[in-house]
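Dear colleague,

Please find below the structure I am handing over to you, followed by a summary of what was found in it.

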Amino acid sequence: MSEFLVRWCPALAVSATEIFCALAFVWEVRRGYMAVRIPLGAVLVFLANIALMLTEITGFPAYAGALVFRYTVVLLLVLLLADAGAFETVYLSIWSFCLSQFLPRMWVVLYTAAMNTEEVGWMAWLLCLLCAAFFLFPVYRLVVRPMSRNGVLHVGPRQTGSAVVILLLFGNLYLNEIAGNSVLPGDSGNMLLLCEFYCLTLLYLQNILFQKSAMRQELAMINRLWYQRKEQYELNQENISLINQKCHDLKYQVRALRDIQGGAERERYLDEIDGAIQIYESNFETGSQVLDTILTENSLRCRKENIQIHCVADGEEMEFMNAVDLYTILGNAVDNAVEAVRKFSDPAKRQIDLLIHRQQSFLVMNISNPCEEELHYKDNLPVTTKENNGYHGFGLKSIRHTVSRYGGFMTAGTQQGCFELIILIQLPKENIDR
């Protein structure tokens with residue numbers, strides 16, 4: 001038994017470390033049936049490490065082949081466990097491979113230096129597994145969690161390509177030391193470990209830089225949409241004001257025509273003209289000019305598609321908000337609701353409820369509409385189902401970003417067959433006191 005542990009414990013420890021590392025990086029995007037996949041992956045990794053130990057590896061080509069084989073095994077392990085795309089799978093496998101190679105080597109260097117021995121017994125390897133599991137917890141919190149939110153991971157070709165370069169640098173350092181072509185001064189083992197740590201640091205910094213770049217692009221898109229909303233609001237205000245003025249004039253012209261004696265045919269035409277005017281005439285008086293503009297500009301479209309908007313709003317409570325910000329919030333919310341209900345063939349489901357009121361010291365905006373499809377969420381927001389998503393999916397992000405500027409927060413979710421968007425914004429002190 002002791003001979004078995006002495007001979008095979010390194011392979012078991014390395015295999016277990018690779019499993020731990022892979023699980024840490026794929027856990028947020030894991031596949032189903034993990035109770036079956038994890039044992040299969042463990043068998044695959046353990047057999048691969050046993051094969052490497054049984055194979056006589058001498059010379060640079062053999063070491064290089066063994067390193068490539070080991071990475072391939074980790075790649076297959078991640079592919080087995082992770083529900084991710086091609087770039088994401090390669091990226092996660094690079095992280096798993098580099099970390100699973102670094103941790104046992106770091107343990108050997110630290111253990112041999114502390115104990116002043118070159119022998120690493122099976123008890124030491126068992127302790128290595130415990131230390132690796134402990135070390136992976138902060139890695140999971142600092143590296144893995146920020147990568148993926150709500151089971152969605154996006155890694156592009158540039159990020160994967162730069163990670164591949166770091167992987168090649170990682171492997172090249174190790175192979176040069178094995179081949180005796182040391183490019184590192186001093187104790188080669190310690191310096192190699194330090195350089196591998198630098199490679200992992202580069203991977204971490206690269207990941208942070210790409211995350212910040214994605215956040216900047218998203219913020220730029222939200223700002224672009226905000227300015228588009230601003231221009232649209234100003235244009236719609238002008239158009240609605242002009243239409244209302246023309247409709248007002250036409251109403252008096254129609255009344256004047258009715259006073260002129262004529263036949264039934266003329267009455268019919270006059271009724272049609274009057275009905276057309278009613279479509280364009282603004283009948284919304286919520287107390288908020290912004291909300292009146294939004295409802296008026298959607299009235300023609302909703303009437304055409306038989307969509308009913310029920311609005312109960314205390315417009316005076318929204319006066320403290322910038323007009324464009326309010327237009328961004330409510331305009332995006334109503335647009336999303338209209339897009340959702342227009343898919344229903346049943347007219348009874350083409351309903352949108354808009355409730356805006358004051359509750360204690362908060363302004364509450366509640367927009368709800370029927371929803372039958374199962375929604376998937378990322379960052380607590382539903383992910384757009386449109387294939388060509390372009391600007392789609394940024395509406396709710398734009399709402400959340402604008403609401404956060406007022407110190408408020410937003411929640412979105414489905415309940416009893418309805419999608420509900422709830423926005424809470426702290427009222428200014430002067431609004432609370434009045």
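Two strands are taken as paired if DSSP finds at least two bridges between them. By that criterion, this predicted model contains an open sheet of 5 strands in the order E1-E2-E3-E7-E6, with mixed pairing. Strands E1 (308-313) and E6 (409-415) stand at the edges with a single partner strand each, so one side of each has no neighbour in the sheet. From one strand to the next, the twist averages 10°.

The pairings are as follows. E1 and E2 run parallel and are joined by 6 bridges; alanine 313 has isoleucine 356 in E2 as its bridge partner. Strand E2 (residues 351-359) runs antiparallel to E3, with 7 bridges between them, and glutamine 359 is partnered by phenylalanine 362 in E3. E2 and E3 form a hairpin with 2 residues between them, and glutamine 360 in the turn has a positive phi of about 55°. E3 also pairs with strand E7 (residues 418-426), in the antiparallel sense over 9 bridges; here isoleucine 367 has leucine 421 in E7 as its bridge partner.

How many residues of strand E3 (residues 362-370) are buried? The count is 8 of the 9, so E3 is largely enclosed by the rest of the structure. Helix H10 (residues 323-341) packs on the sheet and touches E1, E2, E3 and E7. The direction of H10 makes about 15° with that of E3.

A separate topic is the surface. Tyr33, Val36 and Leu40 make a nonpolar surface patch of about 370 Å², and leucine 40 lies in helix H2 (residues 34-54).

Kind regards

Methods: Residues numbered from 1 in each chain as written. Predicted model: local features only at pLDDT ≥ 70, side-chain atom pairs only at ≥ 80, totals over all residues. Heavy atoms only, no water. Buried < 20%, exposed > 50% of the residue type's maximum accessible area, 1.4 Å probe, protein only. Helix = DSSP H or I, 4+ residues; strand = E, 2+ residues; numbered from the N terminus. Patch = residues over 30% accessible without salt bridge, like charges linked within 9 Å, V, L, I, M, F, W, Y side chains within 5 Å. Areas by Shrake-Rupley, 256 points an atom, 1.4 Å probe, with all protein chains shown as cover. Salt bridge = Lys/Arg side-chain N within 4 Å of Asp/Glu carboxyl O. Axes fitted to C-alpha atoms, helices over the stretch in contact; angles between N-to-C directions. Contact = heavy atoms within 4.5 Å.
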